[in-house]
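Here is a quick tour of a two-part assembly, written for someone who likes to see the cut-offs. Have the viewer open while you read.

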Amino acid sequence: MKEVAYYKGCLASLSAKELDISTQALAPKLGIELRELDSVTCCGAGDIHEAEPDYYLHLNARILSYAEATGCDTLMTVCNVCTLNLRQANHQLQLDETLRERVNDNLESVGVPRYSGTIDVLHFLWMAAGTHFPQLQAAAHKGLKGLKIAPFYGCQILRPSKLLGFDDPDKPESLERIIRACGGEPIDYPAKIKCCGFPIIQAREDTALAELIQPIEQAKEAGADAIVTPCPLCHLSLDAWQSKLKKQTGKDFQMPILHLSQLIGVAAGLTDSELKFKRHVVSVGPIVEKLRV
Amino acid sequence: MKVGLKIWRYDSKSGDKALREYEMDAPEEATLLDCLDIVKDRQDGTLAYRKSCRMMICGSCGMRMDGGAVLACKTRMYDIAQAGHVPVISAMGNLPIVKDLVVDMDPFWAKIRAVDPYLKPGYDQAAERENVVSQKQMESIHKESLCIMCGCCVSECNSMESDPDFLGPAALAKGMRFVGDPRDGATVERLETYSEEHGLWDCTRCYFCQERCPKGVDPRDAIAKLGAEAMHNGIDRDMGAKHAKWFVTSAKTTGWLRETELVPKTQGVISSIKEMKFAMGLAVKGKVPPPFPPHVAADVHESRALFDLVKEQGRDGALGIVQGERALMHLAHDAGGTDGAYGKGGDYPVPYLPEIDKPEPKPEPKKESA
């Protein structure tokens with residue numbers, strides 16, 4: 001068992017609870033023991049990085065500090081945006097001693113332990129496709145019975161690659177590797193590395209929807225039974241905003257969207273109450289039916 | 001070495017389009033541009049592409065290799081040829097193709113012009129002597145100053161693909177180059193303009209620009225700096241700015257994002273009411289968590305205290321991003337290596353880390369002597 005500090009982020013605590021529930025149920029099967037952090041806040045989601053960048057750095061330093069205090073060497077995330085924000089802050093704090101000292105003085109003065117820079121921030125995807133792949137292969141015995149799955153990476157797990165770096169940003173393979181290991185057939189399509197539009201879906205809905213339709217339409221045309229994504233923000237836009245695409249374009253895709261933990265979870269035999277498919281806006285029923293046959 | 005290329009040929013006048021394959025002998029040090037020269041000289045004189053300096057300075061030879069924008073003169077072919085890979089070469093994206101690999105740069109230049117890419121000091125003539133600026137002050141916009149306007153960042157910009165009027169990464173990074181210039185006297189006016197529709201809040205944060213830029217400008221970070229400067233100057237009417245502000249409010253009140261209140265806080269109450277039907281559809285699936293009782297993080301008082309503390313220390317606006325660049329520089333251009341694009345260290349931007357807590361103030365625009 002690899003013990004990791006677990007940072008679930010805002011969405012998995014709120015509107016995407018199914019991501020947290022399925023991750024907690026799945027992790028032990030992959031040899032990962034989660035130690036959930038209590039005293040942590042939002043990573044700022046790129047918004048605080050833009051609005052109050054110095055505060056962004058401190059908020060993330062605080063999360064890293066509490067992760068370090070658990071004694072683990074890894075902070076596991078389940079969201080692309082959290083991953084980029086935390087890794088960016090972590091690199092800044094690890095590589096710039098002057099900056100780290102200043103931030104640590106500030107942390108200390110409000111009662112947070114100093115951060116010495118020992119944490120590695122890893123997304124669950126990278127653990128499942130990397131160090132814990134053998135356990136995944138063993139756990140995914142129930143299989144996806146050849147279901148056609150379209151991998152959708154989302155932006156901030158690929159770019160900027162100098163901060164992320166697990167996958168080739170233009171030819172990522174980790175999701176495909178997992179889909180195959182789970183007995184599914186990965187579908188290839190150009191938009192799998194593009195943006196889902198989520199960061200501007202409220203402020204610039206038309207632009208965001210023009211981005212969102214690309215992966216869903218392409219995956220549908222390529223014959224996908226479902227899309228899988230490692231990011232709850234991508235999940236929310238792909239799943240919940242499909243109805244807006246229907247309203248705008250008349251196209252009713254009915255494309256089920258799975259969290260990565262749910263996809264592996266299905267293959268690893270998680271129960272309905274651990275998968276929580278009923279929390280999805282677009283019904284996952286058709287693929288559940290296919291798997292039952 | 002043997003090099004193979006598949007090149008998308010295109011003629012905008014006839015509309016003819018074809019993927020042609022070429023094979024050539026090239027020296028081991030050959031770049032993509034060298035290989036295109038060989039094709040044009042020895043095999044097919046009708047191939048059209050732009051070039052000038054051949055050394056990553058002029059920004060003429062931006063094009064796509066396997067779908068990603070590169071400078072042809074910066075791309076060495078050795079490893080690709082050794083791997084037996086035959087890459088597909090095509091024109092950059094998000095700009096109209098004139099012929100083969102040549103794009104019409106007019107829309108690109110129109111956006112650069114739209115950000116007023118020149119110094120506006122706020123006076124016509126310096127009063128007594130030149131306006132001397134310290135090296136340190138200029139270093140804070142060093143990265144933005146490195147832009148060679150090749151268009152690689154624009155090529156894969158996801159927002160621009162969906163909204164062709166989006167100012168885009170190159171123009172906005174150029175804007176930051178002047179917003180951050182201590183000699184410029186039009187900061188507020190610029191930030192107002194850049195914050196309009198199709199401006200800085202239209203960026204979808206796909207980070208393609210950051211990935212593609214061959215010069216280390218990091219345009220997405222430049223756009224974030226513009227956002228930070230806009231907020232710092234109280235220019236926050238745009239929905240994008242309100243969206244960002246709500247995250248700050250959330251972090252210092254409950255710690256976690258107050259997700260359900262994000263829509264009215266961003267779009268206003270009236271627009272939110274129009275979204276009621278959509279919201280109800282999500283609510284039945286538990287996607288609209290009730291705001292009461294709030295989901296409060298443990299020890300959130302620490303997060304509040306941190307906010308007050310950093311505000312007192314005054315590293316507001318772009319400075320908060322610039323301060324982290326010294327560390328990120330180690331990762332610039334080919335992660336892991338200390339060698340940069342020219343095969344030695346030191347060719348990447350050297351960012352500015354202020355040693356004092358507050359930035360040096362901008363010099364007051366001097367009035368013309370009476």
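What percentage of the contacts in chain A between residues at least 6 apart in sequence join residues at least 24 apart? That share is 79%, where a contact means that two C-beta atoms, placed from the backbone, lie within 7 Å.

## Ground rules

This is a predicted model, so to speak of local features pLDDT has to be at least 70, side-chain atom pairs count only at pLDDT 80 or more, and totals for chains, interfaces and linings use all residues. Residues are numbered from 1 along each chain as its sequence is written, while chains are lettered from A and ligands numbered from 1 in the order in which they are written.

## Chain A overall

Chain A carries 15 helices and eight strands; these are DSSP runs numbered from the N terminus, helices being H or I with at least four residues and strands E with at least two. Its C-alpha trace spans about 60 × 45 × 30 Å along the principal axes. For 293 residues, a compact globule would have a radius of gyration near 19 Å, and chain A agrees with 19 Å (taken over C-alpha atoms; the rule is 2.2 Å times the number of residues to the power 0.38).

Of those 293 residues, 62% count as buried, meaning that 20 or more other C-beta atoms lie within 10 Å of the residue's own, with C-beta atoms placed from the backbone.

## Helix H12 of chain B

H12(B) covers residues 239-253, and its end C-alpha atoms are 21 Å apart, in agreement with the 21 Å its 15 residues should span at 1.5 Å a residue (1.5 Å times one less than the number of residues). Because 11 of the 15 residues are buried, H12(B) is largely enclosed by the rest of the structure. Among the buried ones are Trp246(B), Phe247(B) and Val248(B), along with Lys242(B) and Lys252(B).

What do they pack against? The buried residues meet H3 (47-51) and H4 (53-69) of chain A, plus H11 (219-232), H13 (259-267) and H16 (300-313) of chain B. After the helix comes Gly255(B), with a positive phi near 95°.

## Where the chains meet

In the interface, 66 residues of chain B are in contact with 63 of chain A. H12(B) gives the most to chain B's side, with nine residues. That side divides into 33 nonpolar, 21 polar and 12 charged residues (Ala, Val, Leu, Ile, Met, Phe, Trp, Tyr, Cys and Pro are nonpolar; Asp, Glu, Lys and Arg charged; the others, Gly among them, polar).

Terms used:
Buried ≥ 20, exposed ≤ 12 C-beta atoms within 10 Å, placed from the backbone.
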